[in-house]
Amino acid sequence: MALTRDQLAQRVAQEFQDGYYVNLGIGIPTLAANFIPEGMQVMLQSENGLLGMGQFPLEEEVDADLVNAGKQTVTMVKGASLFDSAESFAMIRGGHVDLTVLGAFEVDCQGNIASYMIPGKMIKGMGGAMDLVAGADNIVVTMTHASKSGKSKLLAECTLPLTGKGCIKRVLTDLALLDIEDGKFILRERAPGVTIEEIVNLTEGELIVPDAVPEMRV
Amino acid sequence: MSGFDKVVGSYEEALEGLNDGMTIIAGGFGLCGIPENLIKEIKRRGTKGLTIASNNAGVDGKGLGLLLEDKQIKKMIASYVGENALFEAQMMSGELEVELTPQGTLAEKMRAGGAGIPAFYTATGYGTPVGEGKEVREFNGRHYILEEALCGDFSIAKAWKADRYGNLMFRKTARNFNPMAITAGKIAVVEVEEIVEVGQLDPDEIHLPGIYVNRLIQGTFAKDIEQRTVRSA
């Protein structure tokens, strides 16, 4: 079975380490904040200018001056700090953020990522995504493995305009966890109940299947 | 106005000299920390052919979205414009020119503009449409593109508190692009929630010194929320 949104978020959270500063993109990455293991300290960076993002506010705590990168009202945890956008991206570009998790439309086996526009159809903009993929070393891309019609999104070469070039090393899809090394996808884990054959059929880019591919723990 | 006193008497006076075809650098992120009354004054004035640099373009009927209604914006420099149907329509029809700029690059372009740095190299955008036509240089085995600084005829911004000299404090994530936007404008106009007497702000607590501010006005703010998300107790 393909992973649910919550299971994807659970698997993302297994990438967290104690003391990590983490930037979570909008959507499934944000959900991973719900699965930070007990006893582990993770500080969430929101690129509009907050380090130490907390949960959504209670109705009476709502503050129009306190939002996250998705423009949602949020709260701050103890030990949070606030800063301007240049400072925020200095943290990101300077490589100070330990882990970045974001979504994508396509990824290819050269480590390229396309996530911000579909020519002629959708032009919303890249927001902070180009800065995040260029600035971070440790990036996990979360996405569906294929479109609803069964077209692979893990390609030999991205077809959409790129968000970043040669910067992606780890992809988590609803079917599998894969690394990207030397121009190839490497299958590391498969979703519970998903066969290697299914993954091979839905991966267009060159895929290496090691002898042992464990099931994910979700 | 006298000496270092930056306070002006009206919004009309705050934007005196803003003419058709000028470039404006605006603070704010989404609808958070936007100079909402200064934007309304630009709408009232009917200034046209504007180039505006701002992370977002407001939403329909709010923030910079107001200036789209009468087609006052010629060109928008922004990182994310996905919340605005009118914007999309004018962009698709070619009436509105859009330069999509990565968020961190946009912040740094404003910062550089205000700091007298004409351009800077960044890895952001290399190998993407953003890097097309830009100078590429390699440092320590990595590729970087040259991005030019951004300066405006005016900047419009919102802060929380100020003293009459224009020393500013911001509040929470309403700070965002406001400090850099202010530094990048030839005439920097700032609206605030409260103006206090000189000496009442602790110099250690000032986020942006008044040297960058030319005109200051106290306003009242609707502070619209784009995505009101709450949890239950």
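Between chain A and chain B there are 30 residue pairs in polar contact, both partners at pLDDT 80 or more; a polar contact here is a pair of N or O atoms within 3.5 Å, where within protein one must be able to donate a hydrogen and the other to accept it, and residues adjacent in sequence count only if both atoms are side-chain atoms. On the chain A side, β4 (76-82), α3 (85-93) and α4 (129-135) each supply at least two of the residues that touch chain B, with helices (H or I, at least four residues) and strands (E, at least two) taken as DSSP runs numbered from the N terminus. The biggest giver is α3(A), with 4 residues. That side of chain A splits into 21 nonpolar, 13 polar and 12 charged residues, where Ala, Val, Leu, Ile, Met, Phe, Trp, Tyr, Cys and Pro count as nonpolar, Asp, Glu, Lys and Arg as charged, and the others, Gly among them, as polar.

All of this comes from a predicted model, in which local features need pLDDT of at least 70, side-chain atom pairs count only at pLDDT 80 or more, and totals for chains, interfaces and linings use all residues. Residues are numbered from 1 along each chain as its sequence is written, chains are lettered from A and ligands numbered from 1 in the order in which they are written, and side-chain values use heavy atoms, with hydrogens and water left out.

As for salt bridges (a side-chain nitrogen of Lys or Arg within 4 Å of a carboxyl oxygen of Asp or Glu), the count between the two chains is 6. One of them pairs Glu59(A) with Arg228(B), the closest N and O atoms being 2.9 Å apart. In terms of contact (heavy atoms within 4.5 Å), chain A puts in 46 residues and chain B 51. The two chains bury about 4,100 Å² between them, 59% of it on carbon and sulfur atoms; buried area is the accessible area (1.4 Å probe) that two parts lose on being put together, summed over both. In chain A, Asp65(A), Lys71(A) and Lys124(A) lose the most area to chain B, together 19% of what that side buries.

Lys71(A) turns up again for its backbone: phi is near 65°, a positive value in a residue other than glycine. Lys71(A) sits in the loop between β3 and β4 of chain A and is buried at 5% relative accessible area, buried meaning under 20%, exposed over 50% and partly exposed in between (1.4 Å probe, protein chains only).

Asn48(A), in the loop between β2 (42-46) and β3 (50-53) of chain A, is buried too, with a relative accessible area of 0%. Polar atoms of the Asn48(A) side chain lie 2.7 Å from the backbone oxygen of Val67(A) and 3.3 Å from the backbone nitrogen of Ala69(A). Leaving aside neighbours within four places in sequence, the contacts of Asn48(A) also reach into chain B, including Phe29(B), Gln103(B), Thr173(B) and Asn176(B).

Over in chain B, Lys109(B) belongs to helix α5 (residues 103-115) and is buried, at 7% relative accessible area. Beyond four places in sequence, Lys109(B) is in contact with Thr101(B), Phe120(B), Glu147(B), Glu148(B), Ala149(B) and Leu150(B). Helix α2 (residues 36-45) of chain B has buried residues as well, among them Leu38(B), Ile39(B) and Ile42(B). After α2(B) comes Gly46(B), with a positive phi near 75°.
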